[in-house]
Amino acid sequence: MQQEYHGVGGAPGILIGRVFVHLPSFTTTPAAHAEPPDADPAATLARFGQAQSTAARNLEQLAERLHAGGHSDEAGIFEAQAMLAEDPTLTELVQAQLEAGQPLAAAVQTAATQMHAMLAALDDPYLSERAADMLAVGKAIHAVLYPSGSPLHDLPPDTVIVAPDLTPAETTELYERKLAVAFVTAHGGNTGHTAILARSLGLPAVVGVGEAVLQLANDTPVIVDGHTHTVIVNPAPATLATYQQQRTNQAAAQAYYATLRDLPGQFADGHRVGLWANIGRPDDAAQARAHGAEGIGLFRTEFLFLERTTAPSEDEQYAAYRETLQIMAGRTVIIRTLDIGGDKPLPYLHVAPEANPFLGVRGLRLCMQHTDLFQAQLRAILRAAQHGDVWIMLPMVALPSDITWAREQLQQAAATLQAQGVAHRADVPLGIMIETPAAAVTVDVLARASDFFSIGTNDLSQYTLAVDRGQAELSARYPHDTLPVLRLIQQAVQAARQAGKHIGVCGELGGVPELGPLLAGMGVHELSMSPALIPPMKARLRELTYAEAHAAALHALAG
Amino acid sequence: MQEVTLIVTHPVGLHARPAKELFQQARAFKSKITIQNLSRPETKELPVSPFNLLQIGVKHGHIIRLRAEGEDETEAIAALAALVQNDFGERTEAS
């Protein structure tokens, strides 16, 4: 009978296959059981020491392969584990176990488990994730000592690995052997190693479905749907047929998207439209590249400022911006300066209570009240600018005087760095988001002071229609792509093009399959969207000519 | 015995590469070298090792005390203090 399990997260993709329950344990391998008791603890400790070095080297090599494949964040996991494999505490604990008469395999397990417990007891989410690293290190050393131990060798294709949780090394090993596999884990969250790695490596996964799944028999037919975080066991024929069709479509689309990855965004007739990505942290830049982004049209910097009690330092910001620019390797990165307001107060930034935070001190206006904060951000960006092509974008601009103020601030930041003898670039383009109707109707005037423009359609429609985006019912009645908003966009695009200035769209409208081509048909230079939306948009644009998109735009603008 | 109290200014704190650098440099000295995270009073003074650095969870802005005892204790403290103060060699790159 068909049965469903639901997880708390996972990685997208569908796999139709058979269950393999993987219950890893340090001591289940036959070699470890067959080992005769060791009469000489010193010799055993030396053997352990060699296994530590070999495991560390294996983990480092794994890290190097991931680096070479562009998975630098994942590589960091294994670099840290390589270091822990040779940790003196581990050696001491193993030695104590051996001296107490334990066989080596058990000593390794006990020591790694003890260290895991020490970190897990610290009640810090970061450290509990690192606690899992300790068990992974123990297993890596165990695998060196008893090489036949890995049950993940010789799995048939289309295997769905069901496990309590998987170590990063196990996840990566499966990926490297190019098996068509998926993961289902009983434990783990959406931000754990397994889920993050699976997403990054493109393997379907569902995590955190609960212990019951571990009771499944091997070879049970199963469907893993990573999009909906669902595991369907013993699927009914109709369910199976639906998923087979979905998988065929998905595979064909993915294969086609992969061929487009390194091609530019353009219409069928060759008219170019940049397809750029919106990102929220440096890690996302790698994701953007993997999806074929030609630039970053919106780098939201709020992640640096939220969930903390003090403002981020200039150095901390510099490191984040530099990392992003390095990942983008010379492609344009538009960094938006801090964009928050009274609806999301920060403990270190006083904002007086406001009746209407969306019309209050937010975005650039907040920076005007906290010039130290703004200066630190501008200095960090100018320093990072040595490492790539960075543009600075200001949020919540209504009048030319907003840009004039920010331009003076930028000059001051450059002057400070110059005086301190800190390396930087001063010739960084300064542009604005168009999200107030005020800005949208005066682009010709703003173009005298602004080097480029990007339309933030979410706020522009909210301010144009006077509709709070948070109110679902109202939003449904007054959609974003309605005539007044489209006309404002068209007016802004025409004025920017006449002034010879770059204009893009970084709001949600740009990534909507039907609307992206329409906006491109109005003449925007670039559409910026979530990385995953880029491949389908690239494919869609290539099916149309610019003339067709332009005609569709004119039709929509006529009302 | 030599000691120094420092504020960690590297953005990631004493994790990842900074932790590796500190451990590797500390290991090169003959002296016994320990570290305590004064910003987490519940943590103990421990020998510098990858696992111990994890345990004491030093983040950006935390204050640490390094102690060295042995024949090269003065050189050890000078070298390790310089390492932390220069953000583990990354600061020079920015200036």
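This is a predicted model: local features need pLDDT of at least 70, side-chain atom pairs count only at pLDDT 80 or more; totals for chains, interfaces and linings use all residues.
## The interface between chain A and chain B

Side-chain values use heavy atoms, with hydrogens and water left out, residues are numbered from 1 along each chain as its sequence is written, and chains are lettered from A and ligands numbered from 1 in the order in which they are written.

In terms of contacts (heavy atoms within 4.5 Å), 25 residues of chain A meet 20 residues of chain B. The count of salt bridges between the chains is 0, where a salt bridge is a side-chain nitrogen of Lys or Arg within 4 Å of a carboxyl oxygen of Asp or Glu. There are 2 residue pairs in polar contact, both at pLDDT 80 or more. A polar contact is a pair of N or O atoms within 3.5 Å; within protein, one must be able to donate a hydrogen and the other to accept it, and residues adjacent in sequence count only if both atoms are side-chain atoms. Helix 3 (72-85), helix 4 (88-99), helix 5 (104-120), helix 6 (125-145) and helix 11 (314-328) of chain A each supply at least two residues of the side that touches chain B. Helix 11 of chain A gives the largest share of that side, 5 residues.

## Chain A in outline

Chain A comes to 22 helices and 16 strands. Helices (H or I, at least four residues) and strands (E, at least two) are DSSP runs, numbered from the N terminus. Of its 559 residues, 51% count as buried, with buried meaning under 20% relative accessible area, exposed over 50%, and partly exposed in between (1.4 Å probe, protein chains only). Among contacts in chain A with a separation of 6 or more, residues 24 or more positions apart account for 68%.

## The eight-stranded sheet

In chain A, 8 strands form an open sheet with mixed pairing, in the order 1-8-7-3-4-5-6-2. Strand 1 (3-6) and strand 2 (9-11) of chain A stand at the edges, each with a single partner strand, so one side of each is left without a neighbour in the sheet. From one strand to the next, the twist averages 25°. Two strands pair if DSSP finds at least two bridges between them.

Strand 3 (residues 14-21) and strand 7 (residues 221-225) of chain A pair in the antiparallel sense over 5 bridges, and Ile16(A) stands opposite Ile223(A) in strand 7. Helix 9 (residues 237-260) of chain A lies across strand 3, strand 7 and strand 8 (230-233), running at about 115° to strand 3. For such angles, axes are lines fitted to C-alpha atoms, for helices over the stretch in contact, and angles run from 0 to 180 degrees between N-to-C directions.

## Residues worth a look

Ala556(A) is found in helix 22 (residues 546-558) of chain A and is partly exposed, with a relative accessible area of 25%. Not counting residues up to four places away in sequence, Ala556(A) touches Leu483(A), Leu486(A) and Leu518(A).

Asp87(B) has a positive phi of about 50° although it is not a glycine. Asp87(B) is found in the loop between helix 3 (73-85) and helix 4 (91-94) of chain B and is buried, with a relative accessible area of 5%.
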